[in-house]
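Hi,

Here is the structure I promised to pass on to you. Have a look first, and my notes follow below.

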Amino acid sequence: MTTPTRHAIVGSGNIGSALARLFARAGIEVSIANTRGPESLRQLAASFGPGVHAVALEQALDSDVIFMAIPFAAVEQFGKSRPDWTGKTVVDTTNAHYAPNSAEVLQGRLSAHYAAEQLPGADIVKAFNQLPANTLAAELDPEQGQRVIFIASDSPQAGDRIADLVGDLGLAAAQLGRIDEGGRLIQAPNALVLRNLIERPL
């Protein structure tokens, strides 16, 4: 068994794969896991290079920062993967707007607040959900600038942690404040969703 990485991606669909590509491009090690087990991910992980490690879900959850790149409908079940999420920073990349019956599930709550209820103790950061996966993973010429990633969290420390990671990934972080304030803007279909902004060099 490999040593747990500091960062893990749970979910191997379009967004999970886009995130893995960003980590690989930046030379930052990351684990990737799903509910089907690491063997189902060996080929995918290998396609990104040696820095992306296919691991069991339990091992991925030992990481400090966990990217929740799963369908919104799976959030409740994912939350049951640990009895207590204290000490974990979970990046919520889901978009409830596109899930069946999401209005009934949310009952007026913001989706990131719903995620916080399902993952008790976790510091939830809403990020990496405003762009399609192919846009998120597309490489930019540094002379063009850096793609902007919007971040919202009720934990300033967690927000800063993910903002630093966004920079390490070669992207530009734009912190929006609390989830019930700026975070509302990146809940689909609100104002900043699908806004592909580029921070140009001065």
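Gly11 counts as buried, at 7% relative accessibility (buried means under 20% relative accessible area, exposed over 50%, partly exposed in between, with a 1.4 Å probe and protein chains only). Before going on, the ground rules: this is a predicted model, in which local features need pLDDT of at least 70 and side-chain atom pairs count only at pLDDT 80 or more, while totals for chains, interfaces and linings use all residues. Residues are numbered from 1 along each chain as its sequence is written, and side-chain values use heavy atoms, with hydrogens and water left out.

Gly11 sits in the loop between strand E1 (7–10) and helix H1 (14–26); helices (H or I, at least four residues) and strands (E, at least two) are DSSP runs, numbered from the N terminus. Leaving aside neighbours within four places in sequence, Gly11 is in contact (heavy atoms within 4.5 Å) with Gly16, Ile32, Ala33, Ala69 and Ile70. Of these, Ala33 is 22 residues away in sequence, with 6.1 Å between the C-alpha atoms.

Ile9 also touches Gly16, Ile32, Ala33 and Ala69, among others. Ile9 is one of the residues with the most contacts inside the largest nonpolar core, which has 33 residues. Such a core is a set of buried Ala, Val, Leu, Ile, Met, Phe, Trp, Tyr and Cys residues joined through side-chain atoms within 4.5 Å. A second, separate core of 32 residues includes Ile70 and Leu110.

Ile186 leads on to Asn129: the backbone oxygen of Ile186 lies 2.6 Å from a polar atom of the Asn129 side chain. Asn129 is buried, with a relative accessible area of 3%, and lies in the loop between strand E6 (123–127) and helix H7 (133–137).

Best wishes

Note on methods. A polar contact is a pair of N or O atoms within 3.5 Å; within protein, one must be able to donate a hydrogen and the other to accept it, and residues adjacent in sequence count only if both atoms are side-chain atoms.
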